[in-house]
Amino acid sequence: MNIKISEVANLPSRFGDFKVKAFKEGQKEHLVIYKDDLAEVPIVRVHSECLTGDAIGSLKCDCRDQLEFALKLAEASNGMVIYLRQEGRNIGLLNKINAYALQDMGLNTIEANHQLGFRADERTYEIVTRILEHFNIKKIKLLTNNPDKINSISNIEIIERIPIIMDSNIYNEDYLNVKKDKMGHLI
């Protein structure tokens, strides 16, 4: 895996004062947002990009709520957020919007992805282990509901899984139920 790594920069934000570092993996550029004085066993959130949720505030998912919660927690606990560029469960923005259109016609998120020729979830997490090793992190508390994230991290001891449960709304209730009932998320 050929990875290019940026310098460290300051990132003052609404959520706290962080350091940032970018990791370029092929065409994807991931971002690590972290406290300069990381905890010995930091709380780590692995968050996949969601432009519609993270930046625009879409109510079809809980991504923005999860990201904001994770950043606040990283500030309070000297933790880290690993922001992976895997838009739309790694099918890209164009296909994600096509999946949204299929969902508007009654398909659930998995059915929409299958209709477009994709698996339910195309994301991968190998880069996470490389990033954690780069920071010389041996143990973490992982902030996630997704068992795939837990199972994909190797060489790093996950001493605790911390759930990240957000309130549902009328637009994302079915989506969250599909994540729980059909994708095995620990919600």
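Two strands are taken to pair if DSSP finds at least two bridges between them, and the strands themselves (E, at least two residues), like the helices (H or I, at least four), are DSSP runs numbered from the N terminus. The model is a predicted one, so local features need pLDDT of at least 70 and side-chain atom pairs count only at pLDDT 80 or more, while totals for chains, interfaces and linings use all residues. Residues are numbered from 1 along each chain as its sequence is written, and side-chain values use heavy atoms, with hydrogens and water left out.

Start with β7. Strand β5 (residues 43–48) pairs with β7 in the parallel sense over two bridges, and the bridge partner of isoleucine 43 in β7 is lysine 141. Over to β8, β7 runs parallel again, this time with five bridges; here lysine 141 stands opposite glutamate 160. Between these two strands the chain passes through α7, and the β-α-β crossover is right-handed (with the strands pointing away from the viewer, the path from the first strand over the helix to the second runs clockwise).

Asparagine 145 sits in the loop between β7 (139–143) and α7 (147–152). At 5% relative accessibility, asparagine 145 counts as buried (buried is under 20% relative accessible area, exposed over 50%, partly exposed in between, with a 1.4 Å probe and protein chains only). Its side chain reaches the backbone oxygen of isoleucine 164 at 2.7 Å, a polar contact in the sense of a pair of N or O atoms within 3.5 Å; within protein, one must be able to donate a hydrogen and the other to accept it, and residues adjacent in sequence count only if both atoms are side-chain atoms. Beyond its neighbours within four places in sequence, asparagine 145 is in contact (heavy atoms within 4.5 Å) with residues including Gln66, Arg161, Ile164 and His185.

Gln66 leads on to helix α2. Helix α2 (residues 63–77) has 15 residues and reaches 21 Å from first C-alpha to last, close to the 21 Å expected at 1.5 Å a residue (that is, 1.5 Å times one less than the number of residues). Its buried residues are Cys63, Gln66, Leu67, Glu68, Ala70, Leu71 and Ala74. Just after α2, asparagine 78 takes a positive phi of about 60°.

Aspartate 167, in the loop between β8 (157–162) and α8 (173–181), is exposed, with a relative accessible area of 69%; its C-alpha is 8.1 Å from that of aspartate 62, 105 residues apart along the chain. Glutamate 40, in the loop between β4 (28–34) and β5, is exposed as well, at 78%.

Finally, the aromatics. A search of the whole structure finds two aromatic pairs (ring centres of Phe, Tyr and Trp, its six-membered ring, within 6.5 Å; planes under 30 degrees apart count as stacked, over 60 as edge-to-face and the rest as tilted). The rings of phenylalanine 23 and phenylalanine 135 have centres 6.3 Å apart and planes at 45°, so this pair is tilted. Phenylalanine 23 belongs to strand β3 (residues 16–25) and phenylalanine 135 to the loop between α6 (126–134) and β7, 112 residues apart. Tyrosine 34 and phenylalanine 135 form an edge-to-face pair, 4.8 Å centre to centre with 70° between the planes. Phe23, Tyr34 and Phe135 thus make up one aromatic cluster, with phenylalanine 23 buried at 2%, tyrosine 34 at 7% and phenylalanine 135 at 18%.
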